Amino acid sequence: MAILSSAPLQFVASIPPATRAITAATVVLSFLYYFLRFTGSNTPALSWLVLIPGSSIFYPWTLLTSAFVESTIIELIFSLVVIPPSLRYLERLWGAIETLKFVAVTITVSNIIAVGLCWLEFMVFKNPDFLYEQAYHGQMALQIGVLVAFTQIIPEHQVQLFGVLKARVKTLPMAYVTFSTVMCLIGFQCPFIVIQFGWLVSYIWLRFYKKNSGEVLSGGPAYGDRSETFAFVNWFPPFIHTPITLLANTAHALATKFHLIPTGSIDVEAGYSQLPGGARAEAERRRAMALKALDQRVASGASSPAPARTANGPTPPRPGPSSLNEAPAPIAAPAEAPSKDTNANETR
């Protein structure tokens, strides 16, 4: 009995502190919301708990805390199944401080953009429903942020969805963004629009601002991940890479000009003592790049023409020089049959 009673406590103690705090906040605030709704309070009256764009100026903490409120039991179960294990993995790689910063930035900035969009729609359409009839809540922005983080760390890892579908991690964020776009087009802007904002905010944070655990060999902290495998253009299909590259380069140039990107960013020539994501993540990324290079080499080898054949079989390759300064060995001429004159001289 002592072992059974201590097992849950040991499990809770094994959860990293940041993940434990976020999970507890989600459970407590969600059940508080259910209790208040059960007692007769409607959603607009709970503007201190969920994010109402028109009231957010009076309750600014809801820009963060509204993400810990799931309005239905199904949403709560889904968040508890997805978010705590994901944050536990990230926290063991990044540490508690960087994990909390990632969660806070992804949620808060996404909600700020959503509130700004609602005010813009109100000024254009003069409809107060955009301000007071929409309540943003839930962890959709954090869910897409976690997918972006996994795309950075283990892009080629294959997962199985619902026990049937298999997909690589790097394909999941844009699939979720596509789902958000469809829901917004059919009239469900709130809260699905925050998925798109969460994708963009989390990518920018991981690309430029997240402080890595390792340091640049030349000294100083390393920020972000400037590798080509995590470039912005890789989120999109190849046929629109040209305009996306132009847009991304322009935005990067303006951000650099106004010093919006940390000056302690990565010095490519100096290198890393530890790349983002830890040793396991770096090994996964190197393996993915090696597999891609191997596939390209096999494909190019299969498309190259076959060597010419002679009557007795394929022509053997000529050996090349052993070094750049060494000339190739001369090829011995075939022996010729002795002529008649030579035979006559030998007889004499």
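Which element gives the most to the lining of the second largest cavity? The answer is α4, with 5 residues, and this helix returns in much of what follows. The structure is a predicted model, in which local features need pLDDT of at least 70 and side-chain atom pairs count only at pLDDT 80 or more, while totals for chains, interfaces and linings use all residues. Residues are numbered from 1 along each chain as its sequence is written, and side-chain values use heavy atoms, with hydrogens and water left out. Helices (H or I, at least four residues) and strands (E, at least two) are DSSP runs numbered from the N terminus.

Helix α2 (residues 17-38) packs against helix α4 (residues 73-94) at an angle of about 170 degrees, and their axes are 9 Å apart. Here axes are lines fitted to C-alpha atoms, for helices over the stretch in contact, and angles run from 0 to 180 degrees between N-to-C directions. The two helices are therefore roughly antiparallel to each other; angles under 35 degrees count as roughly parallel, over 145 as roughly antiparallel, 65 to 115 as roughly perpendicular and the rest as oblique. Residues in this contact (heavy atoms within 4.5 Å) include Thr19, Ile22 and Phe31 of α2 and Leu76, Leu80 and Glu91 of α4. By class, the contact of α2 with α4 has 11 nonpolar, 4 polar and 2 charged residues. In this scheme Ala, Val, Leu, Ile, Met, Phe, Trp, Tyr, Cys and Pro count as nonpolar, Asp, Glu, Lys and Arg as charged, and the others, Gly among them, as polar.

Among the residues in contact are Phe78, Tyr89 and Trp94 of α4 and Val146, Phe150 and Ile153 of α7. The contact of α4 with α7 divides into 12 nonpolar, 4 polar and no charged residues.

Attention can now turn to the spaces in the model. On a 1 Å grid over the protein atoms alone, a cavity is a set of points where a 1.4 Å probe fits but cannot get out, and a pocket is an open set with protein on both sides within 12 Å along at least five of seven lines; lining residues have an atom within 4 Å of a point. Grid points are joined across faces, edges and corners, and a volume is the space filled by probe spheres set on the points.

The largest pocket has a volume of about 720 Å³. Its lining holds 20 residues, and Phe78, Val82, Leu147, Leu161 and Leu172 lie nearest its centre. Helix α4 gives the most to this lining, with 6 residues, and the lining of the largest pocket has 16 nonpolar, 4 polar and no charged residues.

There are 2 cavities of 30 Å³ or more. The largest cavity holds about 70 Å³ of space, and α7 gives the most to its lining, with 3 residues. The second largest cavity holds about 50 Å³; its lining includes Thr23, Thr26, Ser79 and Gln139, and divides into 5 nonpolar, 5 polar and no charged residues.

Two backbone details complete the picture. Most residues other than glycine have a negative phi, and most peptide bonds are trans. Lys126, in the loop between α5 (96-125) and α6 (129-132), has a positive phi of about 55 degrees although it is not a glycine. The peptide bond from Cys190 to Pro191 is cis, with omega near 0 degrees, and Pro191 is placed in helix α9 (residues 189-209).
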